[in-house]
Amino acid sequence: NQAFSQALEYANQDYRFSINFPAPPTQHPVTYTISDGRDVPATLFYTETRRGRFSVIALRLPDDAAHRSAEIESIADRMRARPGNLLYQELNENDGFPIQLLTLEAPDGRRSMIGILVHERRLFITEGNVASGAPPPLQFQQTLFMLDENGEKFGIDEEEFERLNPR
């Protein structure tokens with residue numbers, strides 16, 4: 001994918017994640033409304049290129065917040081309520097971590113590929129948004145990794161995935 005041929009791996013030890021941005025991201029403090037209606041501090045990491053906008057919202061869920069799956073579903077519901085069409089949705093895994101994937105098409109033809117992941121009370125919302133006809137921003141979404149306390153990427157095994165994602 002040409003847009004990501006010069007991708008920059010960005011790592012953030014505060015939230016313990018890494019992801020490949022097509023250009024160095026800007027970081028801004030924001031607030032994010034969680035499923036129970038509370039606004040919590042979050043950080044928006046984003047970059048805009050000729051191809052589109054690529055962002056990660058990262059936040060720490062309060063200890064008394066809803067279960068991980070309730071938070072993910074609440075966010076997915078908000079995304080599905082956007083104007084346009086839902087093209088794809090699936091609960092999948094990213095390096096073993098459960099992740100809700102959505103692809104949306106806005107009325108103007110722009111496409112967004114969204115990933116929603118929670119690990120250890122840290123919530124991540126990735127979104128790649130590109131113009132109609134542009135290659136899908138799948139590679140951005142696929143480069144999200146969790147980091148351990150030493151800044152090393154890690155995943156979880158199938159048994160842990162099943163524990164985190166009971167059927």
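Is E120 buried, partly exposed or exposed? Let me keep you waiting for a moment, and say before anything else that what we have here is a predicted model, so that you hear the rest with that in mind.

I will begin with the sheet. Seven strands form an open sheet in the order β3-β4-β5-β9-β8-β7-β6, and the pairing is antiparallel. At the edges are β3, residues 26-33, and β6, residues 85-94, each of which pairs on one side only. As a reminder for those new to this, strands of a sheet pair through backbone hydrogen bonds, either parallel or antiparallel. On average, and with direction ignored, neighbouring strands in this sheet are turned by 20 degrees against each other. Helix α1, made of residues 68-80, packs on the sheet, where it touches β3, β6, β7, β8 and β9, and its direction makes about 5 degrees with that of β7.

Now to the interior. In soluble globular proteins, nonpolar side chains tend to be buried together. The largest nonpolar core here has 21 residues, and those touching the most other members are Y32, L59, M79 and I125. At least two residues of this core come from each of β4, β5, α1, β7, β8 and β9. Apart from this core lies another, of 18 residues, which includes F17, V56, I99 and V130. Returning to I125, and leaving aside residues up to four places away in sequence, we find that I125 touches Y32, S55, V56, I57, I75, M79, I114 and G115.

E120 sits in the loop between β8 and β9, and has a positive phi of about 50 degrees although it is not a glycine. To settle my opening question, E120 is partly exposed, because its relative accessible area is 49%, which falls between the limits of 20% and 50%. R16, in the loop between β1 and β2, likewise has a positive phi, near 60 degrees, without being a glycine, but R16 is buried, because its relative accessible area of 18% is under 20%. D63, in the loop between β5 and α1, is exposed, because its relative accessible area of 74% is over 50%. Finally, D63 and R121 are 58 residues apart in sequence, while their C-alpha atoms are 7.7 Å apart in space.

Methods: Residues are numbered from 1 along each chain as its sequence is written. This is a predicted model: local features need pLDDT of at least 70, side-chain atom pairs count only at pLDDT 80 or more; totals for chains, interfaces and linings use all residues. Side-chain values use heavy atoms; hydrogens and water are left out. Two strands pair if DSSP finds at least two bridges between them. Helices (H or I, at least four residues) and strands (E, at least two) are DSSP runs, numbered from the N terminus. Axes are lines fitted to C-alpha atoms, for helices over the stretch in contact, and angles run from 0 to 180 degrees between N-to-C directions. Contact means heavy atoms within 4.5 Å. A nonpolar core is a set of buried Ala, Val, Leu, Ile, Met, Phe, Trp, Tyr and Cys residues joined through side-chain atoms within 4.5 Å. Buried means under 20% relative accessible area, exposed over 50%, partly exposed in between (1.4 Å probe, protein chains only).
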